[in-house]
Amino acid sequence: LPRQTRWYPALPPAEIALELDESTALVLPSRSKGLPRIVLEAFCRGRPVVGASAGGIVDLVRDEENGVLVDPEDPEALADALVDVLIERERTERLAEAAAASADAWLVTPEEFAERMRSLVASLD
């Protein structure tokens with residue numbers, strides 16, 4: 001089990017990877033996020049996300065695949081999901097492996113990104 005639970009309303013960029021490396025999962029109960037970069041950062045560190053099924057979180061987190069999604073208006077569901085992630089080690093390890101694999105689609109070189117954009121623009125013609 002984790003040593004402790006911590007809340008950070010803000011964290012310097014240099015400390016994000018360190019904190020994620022020491023964590024079991026990222027908790028993101030936000031009700032309105034665009035594309036939440038912190039989810040991608042968690043995936044890059046092999047950490048599943050327990051998040052609200054709202055905003056851009058649902059574009060990245062696939063429930064029971066690379067994280068757990070909960071109703072953003074249900075704090076009990078969030079609490080239950082956190083307890084489950086903390087005590088069900090095999091499940092959490094499976095989610096963590098899928099989270100790490102999810103990062104691969106976002107890790108591209110500038111050249112690969114440019115090629116994807118050219119392909120996208122070409123498909124619109």
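Modeller: Let us begin with a helix contact: Asp84, Val85, Leu86 and Ile87 in H4 meet Arg89, Arg91 and Thr92 in H5, where contact means heavy atoms within 4.5 Å. This is a predicted model, in which local features need pLDDT of at least 70 and side-chain atom pairs count only at pLDDT 80 or more, while totals for chains, interfaces and linings use all residues. Residues are numbered from 1 along each chain as its sequence is written, and side-chain values use heavy atoms, with hydrogens and water left out.

Colleague: What makes H4 roughly perpendicular or roughly parallel to H5?

Modeller: Helix H4 (residues 75-87) and helix H5 (residues 89-103) pack at an angle of about 95°, with their axes 5 Å apart. H4 is therefore roughly perpendicular to H5, the term for angles of 65 to 115 degrees; those under 35 are roughly parallel, those over 145 roughly antiparallel, and the rest oblique.

Colleague: Why is the pairing of Asp21 with Arg45 called a salt bridge?

Modeller: A salt bridge requires a side-chain nitrogen of Lys or Arg within 4 Å of a carboxyl oxygen of Asp or Glu. For Asp21 and Arg45 the N to O value is 2.6 Å, so the pair meets the criterion. The two residues lie 24 residues apart, Asp21 in helix H1 (residues 13-21) and Arg45 in the loop between helix H2 (37-44) and strand S2 (49-52).

Colleague: Which residues join Glu64 in a network of salt bridges?

Modeller: Glu64, Glu88, Arg91 and Arg94 are linked in such a network. Arg91 and Glu64 meet at 2.4 Å, N to O. Arg91 lies in helix H5 and Glu64 in the loop between helix H3 (57-60) and strand S3 (67-70), so this pair ties together parts 27 residues apart in sequence. Arg94 also bridges to Glu64, with the closest N and O atoms 3.8 Å apart.

Colleague: How do you know whether Arg91 is buried or exposed?

Modeller: Buried means under 20% relative accessible area, exposed over 50%, and partly exposed in between (1.4 Å probe, protein chains only). Arg91 has 15% and is therefore buried. Glu64, at 32%, counts as partly exposed, and so does Arg94 at 40%.

Conventions:
Axes are lines fitted to C-alpha atoms, for helices over the stretch in contact, and angles run from 0 to 180 degrees between N-to-C directions. Helices (H or I, at least four residues) and strands (E, at least two) are DSSP runs, numbered from the N terminus.
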